[in-house]
Amino acid sequence: MHSLPSQAMRPLSLRPSLSSSRFPFFSFSNPIFHRFKTNPTIYKKSQKNPSFLTLRCCSSGSITAKPSSELRRNRAVQEPDEKVVALRQHFSRPGIGIDAYIIPSQDAHQSEFIAECYMRRAYISGFTGSAGTAVVTKDKAALWTDGRYFLQAEKQLSSSWILMRAGNLGVPTTSEWLNDILAPGGRVGIDPFLFSYDAAEELKEAISKKNLELVYLYDLNLVDEIWKESRPKPPNKPIRVHDLKYAGLDVVSKLSSLRAELAGTGSSAIVISMLDEVAWLLNLRGSDVPHSPVMYAYLIVEVDTAKLFVDNSKVTPEVMDHLKNAGVELRPYDSILSEIRRLAAEGAQLWLDTSSVNAAIVETYKSGCDKYLMNHGSRGKIKNKQYGESNGVSVGPSGVYMRSPISFAKALKNAAELEGMKNSHLRDAAALAQFWCWLEEEIHKNVKLTEVDVADKLLEFRSKQDGFLDTSFDTISGSGANGAIIHYKPETESCSVVDPNKLFLLDSGAQYVDGTTDITRTVHFGEPTSREKECFTRVLKGHIALDQAVFPENTPGFVLDAFARSALWKIGLDYRHGTGHGVGAALNVHEGPQSISYRYGNMTPLQKGMIVSNEPGYYEDHAFGIRIENLLHLQEINTPNRYGGTEYLGFEKLTFVPIQMKLVDLSLLSVEEIEWLNNYHSQVWEKVSPLLEGSAREWLWNNTQPIVKV
């Protein structure tokens, strides 16, 4: 599944991407948090990470933003949007007084996938893609999204919305647009819980150029005000313990390593708000968010205590004992700001990753620090030894602003995590072989199946596998032109019937108790055209080139991106998404900080133990889509030379499902590429066939036979 890692999914498009690896310093002092150490910044705001990345989309020409109504010329008159009208009525309420309101995609934890009750942008706009930002003024409504969702947004937005194709020439960013349409002195409102501190500060700075004011509305969310009783209830399913045999490392050891990091940076506590980081650190899993086994919670780890802020009704006796044994106390989820105030009042030096921690928390801490300094500024030495003291010099809390060390530690899979990923991928491959066998038989019998029917049947096969929990994202089941919508989600009332004479793209994944999968295959049930075969084969050549890459350790992912695009570039083709994203171990299907993308700002070094996707593609709008995706594990490669003593890395495949040979133009493949295909299919048969029987095993045999270039 193609997307940005969740760490990079931000609500605004302000300027081109900067590095998501903002402090590339390294430390080898601790057993877990040993690969990615960051430099603390005291009294200063952390370097900024963009909110909603401004993408440089690869299109055939300049495209300027057009209202979605222009894309539906059969609609002669714009119809007023009742929700937008209701939202605007709150702008002039006492204590609010704003001229514009920004609705991002995120929840308070900057999650990519969010609970239904937090899908405010989807509610107000009707656009259901996972990435986008809505902006409503007193007389306009606009939505920004990136190239993966242009076609989807065109279909879903009403005529009263302006579609802003982020990254295309002539399309303003949100701040540029606000600066252009609002009069000087205008006020722009946001919910500070839904913006990272960096994103909010960047927005504040950008709109201040035209004397616009950013207004934090702490006490209410305006979308919630109009959503009212119809808003879904917050999730409350029980949390579960992630077994040590899958986690590989106990919570006490993880917390000990983290506390060593705290000591090394002069921090007295760290605030952790990313849901997958909380889940990984505490070896817990939940069901609060669709497709991601996480729970809504904050975690504060101090030098001698740890507090989990979570809805207590989700905590089972087993989880309670698990946390108690690790020295973790429970606090109400909604009490996070009061705890931040308490820590600031005691002089605590908080480590805050301002690229992910929301603006409400950071501003509350900064305000508390100001109050502390006012109260203690003239009293000389601080007496609270827990938070440090000075030799007669006035000191106080100021914050340590740097990337969370958990992000990188979590990306480096240990042996148990890697074993779970390998095992879950084999079970997943068996389910997929059964599914493809079934689908081909049904299509050849002229059974009419919709894209939703196909997705539901795949879920049925997967659900029979041991350890299956959920899908890892909404299945992308696209026939013909729908395959060109990069993150297409078929809906029962509007989806297409699978056409045997068109390309069919299926991007899907699963969450198992021991691992997370993500795989894309593109097939044709009839006779593909020469154009389709050429495009497919060039995508395949890029997939093979990246799979075979060998490179020095610490190479950033963007360096490898061209490997996957080169064959397409040679005939003037490209695709509008990154080539690879990180994947969690029984966690989020999109995981940072690593990526393989043309967004060259991400300097995160690729390290052995990481897992990334390899998924080049090609899409002809309103015609077809092609993508081939496997997951890969970074491992050390034994090269005959090691220039400068450098270790070299390469990839080990985790995904083992056949690639349809009908779509391959052998004349475009080299001998080495054909050898790669044959070796891959040999491994698929060897690893997956023992898990199959009957027609599915026969299908696997037929689709893994070696090919010969005549």
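Is Lys445 buried or exposed? At 55% relative accessibility, Lys445 counts as exposed, where exposed means over 50% relative accessible area, buried under 20% and partly exposed in between (1.4 Å probe, protein chains only). Keep in mind that this is a predicted model, in which local features need pLDDT of at least 70 and side-chain atom pairs count only at pLDDT 80 or more, while totals for chains, interfaces and linings use all residues. Residues are numbered from 1 along each chain as its sequence is written, and side-chain values use heavy atoms, with hydrogens and water left out.

**Salt bridges**

- The structure holds 38 salt bridges, each being a side-chain nitrogen of Lys or Arg within 4 Å of a carboxyl oxygen of Asp or Glu.
- Lys445 pairs with Glu442 in one of them, at 3.1 Å from N to O; Glu442 is buried, with a relative accessible area of 14%.
- Salt bridges with shared partners also link Glu302, Lys307, Glu339, Arg342 and Glu346 into one network.
- Asp99 and Lys138 meet through their side chains in a salt bridge of 3.1 Å, N to O.
- Asp99 sits in the loop between α1 (82-88) and β2 (100-103), and Lys138 in the loop between β3 (133-137) and β4 (141-145), so this pair ties together parts that are 39 residues apart in sequence. Helices (H or I, at least four residues) and strands (E, at least two) are DSSP runs, numbered from the N terminus.
- Asp99 is partly exposed, at 21% relative accessible area.
- Asp428 forms a salt bridge with Arg462, and their closest N and O atoms are 2.6 Å apart.
- Asp428 belongs to helix α14 (residues 415-444) and Arg462 to helix α15 (residues 451-463), so the pair ties together parts that are 34 residues apart in sequence.
- Asp428 is buried at a relative accessible area of 2%, and Arg462 is buried at 1%.

**Helix α10**

- In helix α10 (residues 317-325), the buried residues are Val319, His322 and Leu323.
- These residues lie on the same side of α10 because they cover an arc of only 95° around the axis, taken from the directions from the helix axis to the C-beta atoms.
- As a reminder, an α-helix has 3.6 residues a turn, so residues three or four places apart point the same way.
- Pro317, Lys324 and Asn325 are exposed on the other side of α10.
- The buried residues of α10 pack against several elements, including β8 (240-241), α8 (251-265) and β13 (328-331), with contact meaning heavy atoms within 4.5 Å.
- Gly327 follows α10 and has a positive phi, near 75°.
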